[in-house]
Amino acid sequence: MQANKIAITSAPIAPVLAERWSPRSFKKDYLLTQDEALSILEAARWAPSANNIQPWRFAYISRVDPIHKEISEKGLSGFNQAWAPDASALIVVIAQINLPDGRENTGRHYDAGLAASMILVQAQELGLHTHHIGGIVHGEIAKTLKLDDNHEVLVAIAVGKVAPAEQLQGPAFEREIAPRVRLTLDEIIVHGKP
Ligand SMILES: Cc1cc2nc3c(=O)[nH]c(=O)nc-3n(C[C@H](O)[C@H](O)[C@H](O)COP(=O)(O)O)c2cc1C
């Protein structure tokens, strides 16, 4: 069964946004083509950022990358270890902490989040799916990637081709076929009635 996860929206939105969702069931035999991987990272590159500082950095870890096993086993929390290693690749989103003048870049998380959004949209546009993973062991990933103190691991993003929900068991299967829910527009707009 392929879960129907298209957003039921209260106003029209771009198909690529409505169709995006975060699966945990990924095709285990699919690897991203080089063109797909490059397009996804290129999209992130063109994100806006405060003063165009571009504090984002990425580690692209294909399932066949020699460090994929170590990242999966030590860098993902328990539940995520059960599904995320099946994805074609894990993209680790990293933020550069300090500005070139040495002061802390307090806007780095917002900027890196914008870049991560671009990854989601571009992947979806290519017929791929993504799933953010906040349940990671930040220190282990930083160690494997040999990051210095000026670089902060934020999140990992699983990327690949979606597979039938039946590939998953138990709670993961239930979550895979559950409807997508959101707060209403009224609940998130604090001022102004469009
Ligand atoms: C920053 C962030 C961290 C997340 N961490 C996890 C995670 O560790 N494990 C997981 O299975 N899903 C994780 N998710 C996925 C969310 O649960 C999912 O995006 C949310 O339920 C909305 O579903 P949708 O993306 O299908 O619309 C994370 C999402 C974000 C944005």
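1. In what order do the four strands form the open sheet, and in which sense is the pairing? The order is β1-β2-β4-β3, and the pairing is antiparallel. Here strands are DSSP runs of E of at least two residues, helices are runs of H or I of at least four, and both are numbered from the N terminus. Two strands count as paired if DSSP finds at least two bridges between them. β1 and β3 (129–133) stand at the edges with a single partner strand each, so one side of each has no neighbour in the sheet. From one strand to the next, the twist averages 25°.

2. A word on what you are looking at: this is a predicted model, in which local features need pLDDT of at least 70 and side-chain atom pairs count only at pLDDT 80 or more, while totals for chains, interfaces and linings use all residues. Residues are numbered from 1 along each chain as its sequence is written.

3. Now the chain as a whole. Its secondary structure comes to eight helices and four strands, following the pattern α-α-β-α-α-β-α-β-α-β-α-α along the sequence. The radius of gyration is 17 Å, close to the 16 Å that the globule rule gives for 194 residues, so the chain is as compact as a globular protein of that length. That radius is taken over C-alpha atoms, and the rule is 2.2 Å times the number of residues to the power 0.38. Of the contacts between residues at least 6 apart in sequence, 79% join residues at least 24 apart; a contact means C-beta atoms, placed from the backbone, within 7 Å.

4. Buried means 20 or more other C-beta atoms within 10 Å of the residue's own, exposed means 12 or fewer, and partly exposed lies in between, with C-beta atoms placed from the backbone. β2 pairs with β1 (residues 56–62) over seven bridges, and tyrosine 60 has isoleucine 91 as its bridge partner. Eight bridges join β2 to β4 (residues 151–160), with valine 93 partnered by valine 155.

5. β3 and β4 pair over five bridges, and histidine 132 stands opposite isoleucine 157 in β4. The residues around the ligand include His132 and Val155, as well as Trp21, Asn80 and Arg180; to be listed, a residue needs its C-beta atom, placed from the backbone, within 6 Å of the ligand. This shell divides into three nonpolar, five polar and one charged residue.

6. Helix α5 (residues 108–125) holds alanine 115. The helix lies across β1, β2, β3 and β4, running at about 155° to β2. Alanine 115 counts as buried because 23 C-beta neighbours lie inside 10 Å. Not counting residues up to four places away in sequence, alanine 115 touches Ala44, Ala47 and Trp56.

7. Two loop residues are worth a look. Glutamine 54, in the loop between α2 (34–45) and β1, has a positive phi of about 55° although it is not a glycine. Glutamine 54 is partly exposed, with 17 other C-beta atoms within 10 Å. Lysine 146, in the loop between α6 (138–144) and β4, also has a positive phi of about 55°. Is lysine 146 buried or exposed? Lysine 146 is exposed, with 7 other C-beta atoms within 10 Å.

Definitions and conventions:
Ala, Val, Leu, Ile, Met, Phe, Trp, Tyr, Cys and Pro count as nonpolar, Asp, Glu, Lys and Arg as charged, and the others, Gly among them, as polar. Two residues are in contact if their C-beta atoms, placed from the backbone, lie within 7 Å. Axes are lines fitted to C-alpha atoms, for helices over the stretch in contact, and angles run from 0 to 180 degrees between N-to-C directions.
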